[in-house]
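My notes follow in the order in which I looked things up.

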Amino acid sequence: MPFRKEPPYIHGTVAKTAVVLVNLGTPDAPTAAAVRPYLKQFLSDPRVVEIPKAIWWLILNCIILPFRAGKSAEKYALIWTKEGSPLKVHTKKQASLLRGYLGERGHDVGVTYAMRYGSPSLPEVLQKLKDEACDRILILPAYPQYSATTTASIFDAVFAHYCNERNVPELRFVKHYHDHDGYIHALQESVLAYWQTNGRPTKLVMSFHGVPKRTLLLGDPYFCECQKTARLLANQLGLTTDQYVVAFQSRFGKAEWLQPYTAPTLVALAKAGIERVDVICPGFVSDCLETLEEIAIEAEREFKAAGGKDFHYISCLNESPVWISGMTAIAEQHLQGWTTLGNAIQRDIEKKASDISRKQAKQFGADA
């Protein structure tokens with residue numbers, strides 16, 4: 001059969017609405033055995049690596065996976081918690097809190113989370129929603145800035161899943177929220193709260209995840225959206241252009257990526273006599289390997305080795321109440337027009353309409 005089997009359809013069933021918070025993903029354990037399949041799935045995505053398949057297959061399977069999986073596992077082990085992977089722990093909590101915040105604002109909306117790579121996978125989460133009769137689904141990526149390498153890959157996975165569905169639900173996608181007031185305000189409050197306790201730095205470094213420069217030249221708006229986020233945040237913090245710097249981390253391979261690179265930037269600041277830097281990673285809404293190991297551990301080591309004295313990493317938004325409030329505003333904006341049955345009166349109206357539909361269906365069957 002070309003299509004998956006559909007669950008039994010009942011006339012008059014009240015359509016449910018769900019929000020799916022989607023993050024990048026994580027291995028299930030900080031071991032080479034768990035990291036290897038995760039890396040393979042991630043690096044096999046043509047949205048992530050735009051190299052001819054045959055050539056990249058050899059590089060990935062003969063060079064990268066045999067050697068990088070073990071090294072990556074060691075890094076994951078440094079940041080792993082009793083609850084598991086920080087990215088997964090924070091994403092799960094964010095989804096739960098978002099459900100609560102939406103409920104407090106009168107929305108009867110299911111909220112769950114999924115991972116683009118690893119588990120819980122998007123296909124299994126979407127299938128679960130189908131089994132629960134969810135017919136309206138809002139996809140909310142955990143990426144404030146749009147990129148074909150991240151956001152579009154989530155969209156690809158959603159579309160691919162429904163290629164094998166006979167009854168496709170109504171779908172909406174959040175493309176980006178890099179300049180949304182709720183997101184910028186959450187970043188502002190996070191920085192100000194940190195400074196209130198720890199004082200202000202000589203320089204604030206805003207480090208975003210890097211992508212190959214080629215993607216910018218081909219039309220990917222990611223670089224520009226990162227710059228806008230940084231500018232808006234700096235304005236809210238009252239910073240002049242010489243008080244902050246935008247940089248890009250996580251470079252992979254020999255090709256040129258978006259610049260300036262974070263590590264060399266921090267080394268240059270230390271050598272220029274900047275004694276204290278604070279680093280924030282606005283492109284990540286949940287702490288993960290790239291923030292906790294690459295920045296909070298490795299970047300600090302490089303900064304101090306170059307002569308810097310005081311390095312501060314400002315955590316991601318994670319479960320900050322002001323951020324969950326911002327996520328709620330973003331979700332509400334994209335839920336407009338869908339009846340989310342937020343109170344008893346609305347539910348009663350919908351139930352009566354459902355009962356009428358069932359009676360009409362039965363009458364139609366009798367007449368036939």
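I began with the surface: the chain exposes about 18,100 Å², and carbon and sulfur atoms supply 56% of it. Such areas come from the Shrake-Rupley method with a 1.4 Å probe, and for residues only the protein chains shown count as cover.

I noted that this is a predicted model, in which local features need pLDDT of at least 70 and side-chain atom pairs count only at pLDDT 80 or more, while totals for chains, interfaces and linings use all residues. Residues are numbered from 1 along each chain as its sequence is written, and side-chain values use heavy atoms, with hydrogens and water left out.

Overall form. I found 13 helices and 8 strands in the chain; these are DSSP runs, helices (H or I) of at least four residues and strands (E) of at least two, numbered from the N terminus. I read off a box of roughly 85 × 50 × 40 Å for the C-alpha atoms, taken along the principal axes.

Interior. I looked up the buried share, which is 46% of the 368 residues. Buried means under 20% relative accessible area, exposed over 50%, and partly exposed in between (1.4 Å probe, protein chains only). The largest nonpolar core has 65 residues, and Val-19, Leu-140, Leu-204, Met-206, Phe-311 and Trp-323 touch the most other members. Another core, of 35 residues, lies apart from it and includes Val-49, Ile-137, Ile-139 and Phe-155. A nonpolar core here is a set of buried Ala, Val, Leu, Ile, Met, Phe, Trp, Tyr and Cys residues joined through side-chain atoms within 4.5 Å.

Contacts. I took contact as heavy atoms within 4.5 Å. Of the contacts with a separation of 6 or more, 80% are between residues 24 or more positions apart.

Trp-338. I located Trp-338 in the loop between helix H12 (321–335) and helix H13 (344–367). Trp-338 counts as buried because its relative accessibility is 8%. Leaving out residues up to four places away in sequence, Trp-338 touches Thr-17, Arg-136, Ile-137, Leu-138, Glu-170 and Arg-172. Thr-17 is 321 residues from Trp-338 in sequence, yet 8.0 Å away in space, C-alpha to C-alpha.

Ser-153. Is Ser-153 buried or exposed? I found 0% relative accessibility, so Ser-153 counts as buried. Ser-153 sits in helix H5 (residues 151–162). Beyond residues up to four places away in sequence, Ser-153 touches Asp-45, Arg-47, Arg-116, Tyr-117 and Ala-148.
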